[in-house]
Amino acid sequence: MNRSPLAITILFHIGIVPISRTVVTTWGLMAALTGGCWIATRSFRLDAGGWQAMIETVVIAIEEQIGELLNRDATPFLPLLGTLFIFLVVANLSGIVPGVTAPTAAVETPAALAAIVFLSVHFYGVRIQGLGPYLKGYLRPNPVMLPFNILSELTRSFSLAMRLFGNIMSGELVVAIILAMAGLLVPIPFMAFGILVGLVQAYIFSVLAAVYIGGGIGVIEK
Amino acid sequence: MTVQMLSIIGAVVAVAVGSISPALAEGRAITAAMEGIARQPEAAGSLSRTLFVGLAMIETMAIYCLVIALLLLFANPFAR
């Protein structure tokens, strides 16, 4: 227990930019996902085979979930939210592979993802509502609430990042502590619980991102 | 008592006390959702989705306590 979970492991430098272990893992996951999707979607036909049917089921399920949450056509939000969900599932579960640390167990990856969600709320809000009506939304229910609305924008993004980081990191920390105390086979139930937590947190992150975007475009009351 | 000892006690108290009320609140939320699903099984989909979002909101309190504890243990500004 000498290594802090907040510490950053620097692997190498590109110019003056330090590249941490988390970034390298994220690049690996991105390459695997992009390559996997490219190979999987290359041979799509009208009469779907088993593999294509599975992918279509996943995409349609995500689209239906977003549509039910937002009560409108989910097509504009599917690329962002679907990618977010699939990346988070793979990233949270990558901690199981020996030698790989989940990138979401370090504070910078969840912070970056929460920043993407924070910016996309304003992007979709301005694009769908228009700039004037979107900014007027901050004065509701009355102009006294303006500082609180801005404060809640910031704190909910912070808590979005901290929730993901805290859950994934604490799962790995618990496994490390149990391993130091007990021995070989004892941490396995905790690792199995870590799989469940990883999946649930990926779902919660995506659902909350969808709810925040829904608040931004005015279909869900904040 | 050194700053290190105080930080460790503070971290333990933050996690232990700070997780009491979120645990109670999550229990109540799940009870209410279970009753709702038992009474109206066809609403299970939207109920469980709302339950997950609500649980995440409640859990945020416990996560804040965890962050404070981690800051006390690993990034303490007073223990340098």
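A residue is counted as buried if 20 or more other C-beta atoms lie within 10 Å of its own, as exposed if 12 or fewer do, and as partly exposed in between, with C-beta atoms placed from the backbone. The model is predicted, so local features need pLDDT of at least 70 and side-chain atom pairs count only at pLDDT 80 or more, whereas totals for chains, interfaces and linings use all residues. Residues are numbered from 1 along each chain as its sequence is written, and chains are lettered from A and ligands numbered from 1 in the order in which they are written.

Chain A has seven helices and two strands, where helices (H or I, at least four residues) and strands (E, at least two) are DSSP runs numbered from the N terminus. The order of these elements from the N terminus is β-β-α-α-α-α-α-α-α. Along the principal axes, the C-alpha atoms of chain A fill a box of roughly 60 × 55 × 40 Å. Of the 222 residues in chain A, 27% are buried. Contacts are assigned to residues whose C-beta atoms, placed from the backbone, lie within 7 Å. Among contacts in chain A between residues at least 6 apart in sequence, 64% join residues at least 24 apart.

Strands E1 (residues 10–14) and E2 (residues 17–20) of chain A pair in the antiparallel sense over four bridges; pairing requires that DSSP find at least two bridges between two strands. Ile14(A) has Val17(A) of E2(A) as its bridge partner. The two strands form a hairpin with two residues between them, and Gly15(A) in the turn has a positive phi of about 65°.

A positive phi is also found at Asn71(A), a residue other than glycine, with a value near 60°. Most residues other than glycine have a negative phi. Asn71(A) is in the loop between helix H2 (50–70) and helix H3 (78–93) of chain A, and it counts as exposed because it has 10 C-beta neighbours inside 10 Å.

Leu93(A) lies in helix H3 of chain A and counts as partly exposed, with 16 C-beta neighbours inside 10 Å. Residues up to four places away in sequence aside, Leu93(A) touches Ile195(A) and Gly198(A). The C-alpha atoms of Leu93(A) and Val207(A) are 18 Å apart, with the two residues 114 apart in sequence.

Helix H6 (residues 146–181) packs against helix H7 (residues 188–217) within chain A at an angle of about 175°, with axes 10 Å apart. Axes are lines fitted to C-alpha atoms, for helices over the stretch in contact, and angles run from 0 to 180 degrees between N-to-C directions. H6(A) and H7(A) are therefore roughly antiparallel, the class for angles over 145 degrees, with under 35 being roughly parallel, 65 to 115 roughly perpendicular and the rest oblique. Among the contact residues are Leu160(A) and Leu164(A) of H6(A) and Phe205(A) and Leu208(A) of H7(A). By class, this contact has 12 nonpolar, five polar and one charged residue; Ala, Val, Leu, Ile, Met, Phe, Trp, Tyr, Cys and Pro count as nonpolar, Asp, Glu, Lys and Arg as charged, and the others, Gly among them, as polar.

Between the chains, 12 residues of chain B are in contact with 13 residues of chain A. The chain B side comprises nine nonpolar, one polar and two charged residues. H6(A) and helix H3 (residues 44–74) of chain B pack at an angle of about 70°, with their axes 9 Å apart, which makes the two helices roughly perpendicular. Residues in this contact include Met162(A) and Arg163(A) of H6(A) and Glu59(B) and Ile63(B) of H3(B).

Technical notes:
Contact = placed C-beta atoms within 7 Å.
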